[in-house]
Amino acid sequence: MKERHIILFNQLDAYREEILHCLNDISAEAAEIIPNNFKNNIRWNMGHIYLDQYLWIEALTKKKTEVPDSFRSWFGFGTTPAHFSAETPSYIELKKLLKEQPAKLMKTYGHVLEEEYPPTEMGMRTIEQVLIRTIIHEGMHLQAIIDIKKCLS
C-alpha cells in the first residue's frame, strides 16, 4: 500500500475515533432526542455517517457493498428518525459498526483505491477520492452531533 493510502486510512481512523470519543458520554436515551430546530438525533447522524461511505462507493463502482438496503430507508439523505423501525440498529450497535468500519474499508478497498471508474456527478473517479470526500462529510456530522449534545446539556 502506498504511503498516501496509509495516511488516508490513518486519518479515517483518527476522525472516526474523534466521533466515537464524542459519543462516550452520550446515553442511548439521549441519542434519541431531537432538540428543537433539529431534524435528526445523534443516533440518526451515526447511521448516516456509516451509510454515506458505502453509498458513495456504490455510486462510483456500481457494485453492492455490505451495507443492508434497509439502512437507506433509515439513514439515507432526506430521512429522519420517523423512518426508524424495530429493526433499526440501536445506538450501541451503531457505535460498534462505526468502530469496525475503517478497518473493513481498508481490508475491502485498500488494494483498489486507485482503480478508475466513470466519474460520479462530483467528478470522483477512485475510491481514494470517495474516501477523502466522506471524511469531510463525516466532519459535518460530527459537528451536528456536537451541536445536539450542547442542546442536551
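1. In this predicted model, Met1, Ile6 and Met106 form a nonpolar surface patch of about 280 Å². Such patches consist of residues with over 30% relative accessible area and no salt bridge, where nonpolar side chains (Val, Leu, Ile, Met, Phe, Trp, Tyr) are joined within 5 Å and like charges within 9 Å. A salt bridge is a side-chain nitrogen of Lys or Arg within 4 Å of a carboxyl oxygen of Asp or Glu. Areas come from the Shrake-Rupley method with a 1.4 Å probe, and for residues only the protein chains shown count as cover.

2. Methionine 1 belongs to the segment before α1 (3–23). Helices are DSSP runs (H or I, at least four residues), numbered from the N terminus. Methionine 1 is classed as exposed because its relative accessible area is 53%; exposed means over 50%, buried under 20%, and partly exposed in between.

3. Glutamate 32 is found in the loop between α1 and α2 (42–61) and is partly exposed, at 33% relative accessibility. Not counting residues up to four places away in sequence, glutamate 32 touches Asn41 and Arg43, contact meaning heavy atoms within 4.5 Å. The side chains of glutamate 32 and arginine 43 are also joined by a polar contact of 3.0 Å (a pair of N or O atoms within 3.5 Å; within protein, one must be able to donate a hydrogen and the other to accept it, and residues adjacent in sequence count only if both atoms are side-chain atoms).

4. Asparagine 45, in helix α2, is buried at 3% relative accessibility. Among the residues that asparagine 45 touches are His141, Ala144 and Ile148.

5. Residues are numbered from 1 along each chain as its sequence is written, and side-chain values use heavy atoms, leaving out hydrogens and water. Local features need pLDDT of at least 70 and side-chain atom pairs count only at pLDDT 80 or more, whereas totals for chains, interfaces and linings use all residues.

Technical notes. Helices (H or I, at least four residues) and strands (E, at least two) are DSSP runs, numbered from the N terminus. Buried means under 20% relative accessible area, exposed over 50%, partly exposed in between (1.4 Å probe, protein chains only).
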